[in-house]
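Please consult the sequence and the structure shown below.

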Protein chains: 2
Amino acid sequence: MTDRYQQFARSGFGRLVVRRLGLPNPTPLRRYRPGEPALEGPAVFGSADGGRLDAVPAILRSAGIEVLTEPAQDRHAALVFDATGIDDVARLREVYDFFHPLIRTVGPCGRVVVLGSTLDGLDPRAAVVQRALEGFTRSVGKELRRGATVQLVQVAPGAEAAVESTLRFLLSARSAYVDAQVIRVGTHSTSTAEPEDWERPLTGRVALVTGAARGIGAAIAEVLARDGAHVVALDIPAQGDELSAVANRISGTALQLDITSSDAPAQLVEHLVERHDGVDIVVHNAGITRDKTLGKMTDAAWDAVLSVNLASQLAANDALLEADALNAGGRIIGVSSIAGIAGNVGQTNYATSKAGVIGMVSTFAPVLAERGATINAVAPGFIETRMTAAVPLFVREAGRRMNSMSQGGQPMDVAETIAWLASPGSGAVNGNVVRVCGQSLLGA
Amino acid sequence: MTDRYQQFARSGFGRLVVRRLGLPNPTPLRRYRPGEPALEGPAVFGSADGGRLDAVPAILRSAGIEVLTEPAQDRHAALVFDATGIDDVARLREVYDFFHPLIRTVGPCGRVVVLGSTLDGLDPRAAVVQRALEGFTRSVGKELRRGATVQLVQVAPGAEAAVESTLRFLLSARSAYVDAQVIRVGTHSTSTAEPEDWERPLTGRVALVTGAARGIGAAIAEVLARDGAHVVALDIPAQGDELSAVANRISGTALQLDITSSDAPAQLVEHLVERHDGVDIVVHNAGITRDKTLGKMTDAAWDAVLSVNLASQLAANDALLEADALNAGGRIIGVSSIAGIAGNVGQTNYATSKAGVIGMVSTFAPVLAERGATINAVAPGFIETRMTAAVPLFVREAGRRMNSMSQGGQPMDVAETIAWLASPGSGAVNGNVVRVCGQSLLGA
């Protein structure tokens, strides 16, 4: 779980060099292992007057977290503050009052969660200050050290009971590389179904994962299977051997299919309906790059990237919805990218496709909500894969360090985030694009 | 207009060092001077089938720009493409087809504008691809060199006739440091009033500028006055001498007032109504920093920043609207910051206030639209001022170079952007937050 630089920085000699030169010294991130407690210590819960989320302490306790309403020690594993009641600029002071004395007690890989409100329908002054919390949390993210994270969760009025899956994710090691995100709960729907077993929430579900033969796709397949899903692992025929290996390892099904072929959507539907009685979770992970600056890019490179990364996903969604092959409570999850948010040199095609995935999420969220389903996306930052290992050293090191964690993420970090979105408990999480980037400096 | 590094990089020895070490070699940006042509050469206009913006060539010509519909030379000052007709992923290829052969013909300080559609009410597939254009333009911004910029202008259906002020701004030297922005035209209103004289569009208008004694505020006052406005330059009494100097230079009015005092809104209204018969343009520029990490920040530092940068602006707006002191066609313009978008170490208070300004814009845009007025904000990146000159060398150089222009902006770049938003021609530009940051890498 540590890269070579991290190993060096933790060696005797490396420690000296790192300290003298002021180089980054990344903390190995704590990651989820079944059976381990969510947090390595107690959480402090606080609340501004008029807050709507007084059920949160009970939710945290049900997740096995010790909750203090008065800070009792000089180190805490999490700080959670209900700011939904704040409706005026002067009252933002309550956020300061809670965090100022406590922020330095946050332990390694600790968690900070600010609970705010979605803005729609709020009194104008309240809407302004709820929006202001975003600047607060992003700054806290850049100040926190040693692998600790912060998020702003905006809870829609009426969705108070629907935050459990999100809090369990954010207040655990599953969200290791998710930092400084704004997550909206209950914008399109507040309905949610509590999993019978939070350790295996996907039991009985069928999940399709495209591009599953290796890298992030393989990690997604493994994590969804670990959480109980039967995984249909899809990739192109040329990846057949690796695909079979993944499918065998997780007792899933391998499906060789080129998703860009004209009959792929029909074949996909046929497989899912006839073999599995429909699908519960669709993860559009398959993606390619064909990098060149625009003046040097071939039309084939443009078309290939747009076709794999965007057109095929839209076609598959259409076919699944039309055939009613997405089961009730279905989940569609796209994989965007920081390049789709910030743009990137040599990636006009890739960034266009990945921005399109963001468009897909916001456009189809209300459509899916009508069916009791959801659509969301993750946007990975620098993730350690064979693809990023091939990037030239200097660019790779810059990408790896230019975030609040001073390190790249692991494929499983993306996979855990997808598993949260896929959970039956996440029915109120719809239309979100969540970056898995350790709060990369890059953005728009 | 060039910084010391730029001067060095252009010297004989500096040129050698820069080339050998691969250091940035920023192009001096062309900036607006009254009387000079908008562009230093012709613009190429192209269009995807079904585009709504066929009036654009005529608009450009009326701004004195030579428009080619077939590229005729190996260097063009601007490329403008109407992508509003693109409604399918496969058709995004038309964007590639237009730009691929032309992008390398864009000259120094050239301009690229992609005209797209706002997403509301579009057919879902069209909405996805219109959103995808954002990834395209941000990547092009990172590929363009030598001071050239790119923007995506999303034009709402029915607002086709309202784009002139925006195109004139973007296709001129006035927008020197605005890069890779997405600007929405016609989201709240499509009404607009063409200025009698585009060189002095603010003639007869009264503009209030807070924090006008120096830096960006003084530049705003000067540019608004240059464009014809009578400027009420406001600052705290302690800045009285500098404020008077600014006001005298531009034949404006100096108003000494502490905007955080409880009677400030009433005094402001009284001054504007009794002395000027109301106000047309309000620029909330006054802002302070009191930087400390959250654990070390005093409550006084928190309160002072929130009070000056956010609460006082809301209070002033309320008072102006209640007293009907904002004239018909009024403009409110806030000053946010990249820190309000991305967060910053040591600036939890400042980033909260500046994110609140973004909240103010989106919350009050529909309210202002009902009165035929608008509210927008600029979000400056690294701007060369006395404030940034005081930043430690290494941090300053990083901030200055980490953008697509490899240089900091000038106060006038922020001022020109505000002047565009203030123009009577910009009535359809409402609810926007426009970064003036040379496409800073930083974001969220």
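By what turn and what shift along the axis can chain B be laid on chain A? A turn of 180° and a shift of 0.0 Å along the axis place chain B on chain A with an RMSD of 0.0 Å, the copies being superposed by least squares on the C-alpha atoms of residues with pLDDT of at least 70 in both. That is the relation of a two-fold axis. The same surface serves both copies, as 100% of the contact residues of chain B recur in chain A; contact means heavy atoms within 4.5 Å.

The model is predicted: local features need pLDDT of at least 70, side-chain atom pairs count only at pLDDT 80 or more, and totals for chains, interfaces and linings use all residues. Residues are numbered from 1 along each chain as its sequence is written, chains are lettered from A and ligands numbered from 1 in the order in which they are written, and side-chain values use heavy atoms, with hydrogens and water left out.

Zero disulfides are found over all chains, a disulfide being a pair of cysteine sulfur atoms within 2.5 Å.

In chain A, A159(A) is buried, with a relative accessible area of 1%. Beyond residues up to four places away in sequence, A159(A) touches V185(A), G186(A) and T190(A). A159(A) and R52(A) lie 107 residues apart in sequence and 9.7 Å apart in space, C-alpha to C-alpha.

Key
Buried < 20%, exposed > 50% of the residue type's maximum accessible area, 1.4 Å probe, protein only.
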